[in-house]
Amino acid sequence: MDPFETLGLLRDELEAYQPGLGMRKALVIANKLDLPSAHERLAELQAALALNLHAFPGLAWTGKHVGSMGETGPIVAVSAQADKNVGVMVEACRDALRQMRNTEVTDERDGS
């Protein structure tokens, strides 16, 4: 199964578990960037997401993170083994939590 299909399956499983869960804000962390075919598969995933981002509305808010090849998008590619982009991943998670907390506070103030 290719990574895009896997992402769709994960979204569908989350949605089946709890309606709305698959549409919540999310980050995609693509690990194992050190494997031989990783960059090719990452490029395929990025291209598929670029064409189908509407199917993953929870990812649309993450576009400011810089990926493994200098591009921006909803995917943070890392190699834990090679310690590549681990700091970027941690910072992306921090940013995501900050944004979610700010959204919750704003929603509470607005009565949403």
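Lys32 is found in the loop between S1 and H2, where helices (H or I, at least four residues) and strands (E, at least two) are DSSP runs numbered from the N terminus. Before I continue with this residue, a word on the basis of the talk. This is a predicted model, in which local features need pLDDT of at least 70, side-chain atom pairs count only at pLDDT 80 or more, and totals for chains, interfaces and linings use all residues. Residues are numbered from 1 along each chain as its sequence is written, and side-chain values use heavy atoms, with hydrogens and water left out.

To return to Lys32: its phi is near 70°, a positive value in a residue other than glycine. At 49% relative accessibility, Lys32 counts as partly exposed. On the scale used here, buried means under 20% relative accessible area, exposed means over 50%, and partly exposed lies in between, with a 1.4 Å probe and protein chains only. Asp83 also has a positive phi, of about 55°, although it is not a glycine. Asp83 is placed in the loop between S2 and H3, and with a relative accessible area of 59% it is exposed.

Of its 112 residues, 28% count as buried.

I turn next to the aromatic residues. The structure holds one aromatic pair. The rings of Phe4 and Phe56 have their centres 5.6 Å apart and their planes at 75°, so the pair is edge-to-face. For this assignment, rings of Phe, Tyr and Trp (its six-membered ring) pair if their centres lie within 6.5 Å; planes under 30 degrees apart count as stacked, over 60 as edge-to-face, and the rest as tilted. Which parts of the chain does the pair link? Phe4 belongs to helix H1 (residues 3-17), while Phe56 lies in the loop between helix H2 (38-52) and strand S2 (75-77), so that distant parts of the chain, 52 residues apart, are linked. Phe4 is partly exposed at 21% relative accessibility, whereas Phe56 is buried at 6%.

The charged end of Arg11 sits over the ring of Phe56, 4.6 Å from its centre; the criterion is NZ of Lys or CZ of Arg within 6 Å of the ring centre and within 35 degrees of the ring normal.

The loop between H2 and S2 also contains Gly58. Gly58 is buried, with a relative accessible area of 5%. The C-alpha atoms of Gly58 and Leu21 are separated by 9.5 Å, and these residues are 37 apart along the chain.

On a 1 Å grid over the protein atoms alone, a cavity is a set of points where a 1.4 Å probe fits but cannot get out, and a pocket is an open set with protein on both sides within 12 Å along at least five of seven lines; lining residues have an atom within 4 Å of a point. Grid points are joined across faces, edges and corners, and a volume is the space filled by probe spheres set on the points.

The largest pocket has a volume of about 400 Å³. It is lined by 18 residues, of which the closest to its centre are Pro3, Ile29, Ala30, Asn31 and Leu45. The elements giving two or more residues to this lining are H1, strand S1 (28-30) and H2. By class, the lining has 13 nonpolar, three polar and two charged residues. Here Ala, Val, Leu, Ile, Met, Phe, Trp, Tyr, Cys and Pro count as nonpolar, Asp, Glu, Lys and Arg as charged, and the others, Gly among them, as polar.

The second largest pocket holds about 290 Å³ of space. Of its 15 lining residues, Leu14, Leu21, Gly22, Arg24 and Ala26 are the closest to its centre. H1 gives the most to this lining, with four residues.

Finally, I come to two buried polar sites. Ser79 lies in the loop between S2 and H3 and is buried at 2% relative accessibility. A polar contact of 2.6 Å joins the side chains of Ser79 and Asp34. Such a contact is a pair of N or O atoms within 3.5 Å; within protein, one must be able to donate a hydrogen and the other to accept it, and residues adjacent in sequence count only if both atoms are side-chain atoms. The side chain of Ser79 also reaches the backbone nitrogen of Ala82 at 3.0 Å. Asp95, in helix H3 (residues 86-110), is buried at 12% relative accessibility, and its side chain makes a polar contact of 2.8 Å with the side chain of Arg98.
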